[in-house]
Amino acid sequence: MRSVLRQKILKPKDVAVFSEGVNEVITDLIKRIHTLRSQEEDGETVTNVNNLFFKYSMEGVATILYESRLGCLENNIPEKTVEYIEALELMFSMFKTTMYAGAIPKWLRPFIPKPWREFCRSWDGLFKFSQIHVDNKIKDIQSQLDQGEEVKGGLLTYLLLSKELTVEEIYANMTEMLLAGVDTTSFTLSWATYLLAKHPEVQQSVYEEIVNNLGKDQVPTSDDVPKLPMIRVTLVSKLKYTQLALCHYATSYEEENFPMANDFRPERWLRKDNMDRVDNFGSIPFGYGIRSCIGKRIAELEIHLALIQLLQNFEIKISPKTKPVKAKTHGLLTPGDSINVKFADRK
Ligand code: HEM
């Protein structure tokens, strides 16, 4: 099953085709930032970027996985999508607290039924969400075929037409990717804005690299990312904060692997001198080997393109509403509080 998906999303060039769709979502993200900051007294602060990036990630993943837009970033979110967002948020939070349910032995379940029941309910909710979108796509394809049209599309269309997976398997894979692909990406972007606001010198060098290689207004595609090593190492560096497993956290902050491990110094990954030595296996946020993250390239695309456009449009700054935010572990390592930062227009 994994090998079918692998062929379509495991290399950077596979996911390059999603650039256009992701950029459309980023246009909506930027519009949403304008709206949100206009509601604040200083006209620049956006409170709780965590929520904003949750919606961005959900919209991004839906665009790629289901080839359809949900409207998560619209000012008036369609009613159906509001229901989906609420259901998903609930599912994610329940999933985190009930994920340990799998560790409860079967014989013990009748005595403490709640965790297992909720675990199943949260999966059923996510499964249903995928089912609706996959079924919609099946109907679309059928009506195109009925009209004698050539069927073109992305990942889901390919999976449905190639018949390498059964429809049940497609539901299951889409559900797993949806679950794995929203929180992870959104937490990384939330940390990114927080750290860039707190480290203006890092932000300035990333921004200068973007302007020198791409200009202030050019919309980036995945082909542009290799020209921007600072944006790539900034992501690698921030991924030390988005961890799925505590052992990753421990190795990421080990002095032996990363001198001055607590400092946010993305340039260490550029390896200029001995102090910038890094151990490639010191931080492996996407895992390694056969079970490693299958959505790695999708996540990188969504994060790189969003960060480039955010920095082209805004200087991200500390606001009086910015509180110190620590990480808390909740299955994933998440920001422990809401992240509030300024998005000031670039002059
Ligand atoms: C910054 C974002 C992300 C991080 C840090 C991340 C990290 C990880 C890690 C550590 C694993 C477990 C690997 C292991 O067991 O060794 C994993 C698995 C997985 N990830 Fe991601 N992920 C991210 C984004 C995504 C996205 C966007 C998708 C899908 C669109 C995705 C889909 C998956 C799936 C399906 C698995 C399970 C793979 C399997 O067990 O075969 N991830 N991810």
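In the predicted model, the largest nonpolar core comprises 63 residues. The residues with the most contacts inside this core are Tyr-56, Met-58, Leu-65, Leu-178, Ala-306, Leu-307 and Val-341. In soluble globular proteins, nonpolar side chains tend to be buried together. Across the 347 residues of the chain, 34% count as buried. The chain is built from 13 helices and 5 strands. Among contacts with a separation of 6 or more, 71% join residues 24 or more positions apart.

Helix α4 spans residues 49–65. Of its 17 residues, 16 are buried, so α4 is largely enclosed by the rest of the structure. The end C-alpha atoms of α4 lie 24 Å apart, which agrees with the 24 Å that 17 residues should span at 1.5 Å a residue. Beyond this helix comes Glu-67, which has a positive phi, near 55 degrees. Met-58, one of the core residues with the most contacts, is in contact with Leu-70, Cys-72, Ile-85, Leu-88 and Val-182 when neighbours within four places in sequence are left aside.

Helix α13 is likewise described by its length and its covering. This helix has 18 residues, and the distance from its first C-alpha to its last is 26 Å, close to the 26 Å expected at 1.5 Å a residue. With 15 of its 18 residues buried, α13 is mostly covered.

The ligand is surrounded by 22 residues, of which the closest are Ala-180, Gly-181, Gly-287, Cys-293 and Gly-295. By class, this shell has 11 nonpolar, 8 polar and 3 charged residues. At least two residues of the shell are supplied by each of the helices α8 (167–181), α9 (183–198) and α13 (296–313). Helix α8 provides the largest share, 4 residues.

Cys-293, one of the closest residues to the ligand, is listed by UniProt, in an unreviewed entry, under "binding site". This cysteine is found in the loop between α12 (246–252) and α13. Because 18 C-beta neighbours lie inside 10 Å, Cys-293 counts as partly exposed; 20 or more would be required for a buried residue. Residues up to four places away in sequence not being counted, Cys-293 touches Phe-286 and Gly-287.

Leu-159 is placed in helix α7 (residues 155–162). This leucine is buried because 23 other C-beta atoms lie within 10 Å. Apart from neighbours within four places in sequence, Leu-159 is in contact with Leu-165 and Ile-170. Leu-159 and Leu-5 are 154 residues apart along the chain, yet 8.5 Å separates their C-alpha atoms.

The second residue, Val-233, belongs to helix α11 (residues 229–238). Val-233 has 20 C-beta neighbours inside 10 Å and therefore counts as buried.

Conventions: Residues are numbered from 1 along each chain as its sequence is written. This is a predicted model: local features need pLDDT of at least 70, side-chain atom pairs count only at pLDDT 80 or more; totals for chains, interfaces and linings use all residues. A residue is buried if 20 or more other C-beta atoms lie within 10 Å of its own, exposed if 12 or fewer, and partly exposed in between; C-beta atoms are placed from the backbone. A residue is near a molecule or strand if its C-beta atom, placed from the backbone, lies within 6 Å of it. Ala, Val, Leu, Ile, Met, Phe, Trp, Tyr, Cys and Pro count as nonpolar, Asp, Glu, Lys and Arg as charged, and the others, Gly among them, as polar. A nonpolar core is a set of buried Ala, Val, Leu, Ile, Met, Phe, Trp, Tyr and Cys residues joined through C-beta atoms within 7 Å. Two residues are in contact if their C-beta atoms, placed from the backbone, lie within 7 Å. The expected span of a helix is 1.5 Å times one less than its number of residues. UniProt positions are given in the numbering used here, feature names are shortened, and annotations may be inferred rather than shown by experiment.
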